[in-house]
Every structure is written in C-alpha cells, then in structure tokens.
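Welcome to a short tour of a protein model. Take a moment with the sequence and the 3D view before reading on.

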Amino acid sequence: MVKKDAGVKIPVLDKDNYFHWKVKMHLHLMSMDERYVDCIEKGPHVPMNFSSRVGLPDDAPDVEIPKPVSEWTIEDVAEIHKDKRTMNILFNGLEQEMFDNVINCTTSKEVWDIVRTLCEGTEQVRENKMQLLIQQHEHFHFKAGETLNDTFSRFQKLLNGLKLYGRIYQTNDSNLKFLRALPKEWKPMTVSLRNTQEYKDYTLERLYGTLKTYELEMEEDEEIEKVQKKGGSIALIASVNQLEDDNEEATKATTSRASRRSDVSKGKGKMTEEEEPEPEPANLDDLERLMNTLLFFQGNSLSSNSRETHKQGHQ
C-alpha cells in the first residue's frame with residue numbers, strides 16, 4: 001500500500017539504502033514545512049517567557065523560562081502540534097520491523113536519532129566510515145576496463161557519500177582530483193585544462209561533458225585509423241553506412257504505414273486516395289555494388305603493395 005501525506009508519496013525506509021531514504025525524507029519534510037526539519041534536528045517547540053529582571057543588573061542578558069501550559073497561546077499549540085505531525089510522517093515511512101524500535105518515542109527527534117543509530121551506527125562508527133571514505137577519495141584513481149562514465153559515476157557516488165557525513169569538498173578541488181585520476185591517454189586533455197585553469201570555472205558535470213566530447217573524438221580518430229590501415233576508402237565506408245541507414249529508415253516507414261492500414265481496417269480511421277505513396281526501401285543492389293567497389297579498392301591496394309615489395313626484392 002502506498003503511503004501518502006497531503007497527496008505526496010512518503011518515502012519508505014529500506015535499511016540497506018538508509019542514505020537515500022534520509023535525503024528523500026529530509027526533502028519531503030522541508031517541502032511540507034521548514035519547522036518539521038527543525039523538529040527532527042532540534043526537538044519540539046517549547047513556548048518560552050522572559051523571566052523577571054527584578055534584582056538583575058541592567059546589562060544582564062534576558063533569561064527565558066518555559067511557559068506554564070495555562071499561558072500557551074493558539075500559536076504555541078500550533079507549533080507544538082508540528083512535532084506530532086512530523087512523528088506521524090516518520091512513522092508512516094518505516095516498515096514494521098523498524099517501527100517496533102521507535103514505537104515508544106515521544107518526539108520526532110527521538111525517532112530520527114534512533115533510526116539513524118540503527119542504520120548508521122554510533123557516532124564513533126559514523127566517524128570511522130567517514131574516515132574510510134576520505135581515504136578512498138585521497139587514493140581515487142581510474143580502474144582498468146572502466147569507461148569515462150564508469151569512473152565519473154564512481155567518483156560522484158563517493159562525493160555524495162562524503163557529503164552525507166558532512167565532508168564537503170570545493171568544486172575546483174573535486175575537478176582537479178578527477179582529472180588526476182584519469183589514465184595516461186587522457187594526459188593531453190587533462191594537462192591542457194590544468195594549464196589554462198579552465199577546470200576551476202566548471203561544475204563537475206560540465207567537466208565530464210567536456211571530457212566526454214574529447215572521448216568521442218578519440219574514438220572517431222581510432223576508427224579512421226583502422227580503416228586507413230586496411231587500405232579502405234573512408235568516403236566509400238561513409239556512403240555504405242549512409243545507404244544502410246536510409247534503408248533502415250525506409251523499412252521503419254513501411255512498417256509504420258502497414259500498422260496504420262491495420263488501424264483503418266479496424267475502423268480507427270479512413271485511408272484516402274490522396275495519401276502519399278510509400279517510399280521504396282534503398283536498393284540493395286546499390287549497397288552490394290558499393291561493397292564490391294570497396295573490396296576492389298582494398299584488393300588493388302594490397303596488390304600494389306605486393307608488386308612494390310617484389311620490385312624491391314629484385315633490386
């Protein structure tokens with residue numbers, strides 16, 4: 001059953017993903033009322049009165065004391081009720097097993113702190129976990145077999161984990177750490193960014209986008225180099241690829257029109273005589289001729305290289 005609060009789905013705790021729930025619940029409470037967040041962090045509202053200054057020096061600070069219940073105003077009651085409202089939201093965000101651990105709590109802060117301790121451990125455990133994440137950050141590096149996206153996702157997850165423990169790094173420090181973590185084939189790009197200091201003005205996401213563009217260019221250069229080593233014509237390869245794409249698009253168009261005819265036959269529409277003629281798929285004979293031409297050029301290239309080698313042997 002989906003639990004909702006004012007029409008908004010309440011995030012339900014999965015103990016294995018406490019950090020995700022913590023962020024979602026914090027934002028959910030904030031969206032309802034900022035005082036709800038104060039309730040889980042500082043405790044419930046306590047109506048206060050200033051004590052009498054009779055007998056106190058003029059420079060003595062004001063002293064607040066709790067109001068008697070009989071002096072509570074309507075506003076005081078409304079503020080106190082917000083803690084109960086927050087508790088209700090938290091209770092509905094817990095599964096039965098976790099709820100049994102907080103069923104006797106009297107404030108939302110007490111509920112929040114117990115759930116945190118059960119999922120994160122004591123303050124000492126949290127400190128140890130944070131130190132472990134800090135070490136991972138200091139020694140972060142590219143792993144063999146990873147793509148740029150893999151490395152970026154792992155680094156982003158590490159930064160988010162540190163942030164949840166209260167350890168936040170400056171954006172330019174994170175950018176520099178990520179650049180230094182990349183392998184040597186990225187050196188021309190990373191050195192350029194570091195020398196021009198451009199990375200300092202980037203968000204981490206923008207830096208990733210810049211590096212991704214460079215990665216695509218490297219892959220394209222590698223593909224061209226492979227074609228040239230095989231003695232093929234880049235122009236012919238491009239023509240063949242374009243013809244294949246055209247053929248695929250024409251096939252999709254034909255399938256789409258056939259589907260519309262089926263709808264018409266079921267009474268969902270009417271075909272008209274003015275309907276545009278179907279585009280013919282790309283001629284497969286043209287594709288075959290292009291492939292044969294490519295093989296011909298490759299054969300001539302290999303034959304030419306062989307004759308050249310033969311001449312040099314006679315000389």
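This is a predicted model: local features need pLDDT of at least 70, side-chain atom pairs count only at pLDDT 80 or more; totals for chains, interfaces and linings use all residues.

Residues are numbered from 1 along each chain as its sequence is written, and side-chain values use heavy atoms, with hydrogens and water left out.

**The whole protein**

- The protein has twelve helices and four strands; these are DSSP runs numbered from the N terminus, with helices being H or I over at least four residues and strands being E over at least two.
- Of its 315 residues, 28% count as buried, a word that means under 20% relative accessible area, with exposed meaning over 50% and partly exposed in between (1.4 Å probe, protein chains only).
- Among contacts with a separation of 6 or more, 58% come from residues 24 or more positions apart, where contact means heavy atoms within 4.5 Å.

**Helices α1 and α5**

- Two packed helices are described by the angle between their axes and the distance between the axes.
- Helix α1 (residues 18-32) packs with helix α5 (residues 108-120) at an angle of about 155 degrees, and their axes are 10 Å apart; axes are lines fitted to C-alpha atoms, for helices over the stretch in contact, and angles run from 0 to 180 degrees between N-to-C directions.
- That angle makes α1 roughly antiparallel to α5, since the cut-offs are under 35 degrees for roughly parallel, over 145 for roughly antiparallel, 65 to 115 for roughly perpendicular, and oblique for the rest.
- The crossing of α1 past α5 is left-handed, meaning that the near helix is turned anticlockwise from the far one by less than a right angle, whereas clockwise would be right-handed.
- On the α1 side the contact is made by Y18, F19, W21, K22 and M25, and on the α5 side by W112, V115, R116, C119 and E120.
- These contact residues divide into seven nonpolar, no polar and three charged; Ala, Val, Leu, Ile, Met, Phe, Trp, Tyr, Cys and Pro count as nonpolar, Asp, Glu, Lys and Arg as charged, and the others, Gly among them, as polar.

**Helices α9 and α10**

- Helix α9 (residues 187-196) and helix α10 (residues 204-229) have axes 11 Å apart and pack at an angle of about 140 degrees.
- With that angle, α9 is oblique to α10.
- Here α9 passes α10 in a right-handed crossing.
- P188, M189 and L193 of α9 meet L207, T210, L211 and Y214 of α10, a set with six nonpolar residues, one polar and no charged.
- In the loop between α9 and α10 you will find Q197, whose phi is near 65 degrees, a positive value in a residue other than glycine.
- Q197 counts as partly exposed, at 34% relative accessibility.

**Cysteines and a buried lysine**

- How many disulfides are there? The count is zero, taking a disulfide as a pair of cysteine sulfur atoms within 2.5 Å.
- C39 is buried at a relative accessible area of 0%, and C119 is buried at 17%.
- K82 belongs to helix α3 (residues 74-92) and is buried, with a relative accessible area of 19%.
- Leaving aside neighbours within four places in sequence, K82 is in contact with D33, R35, Y36 and C39.

**A loop residue**

- I103 lies in the loop between α4 (96-102) and α5, and is partly exposed at 46% relative accessibility.
- The C-alpha atoms of I103 and F91 are 8.4 Å apart, and the two residues are twelve residues apart along the chain.
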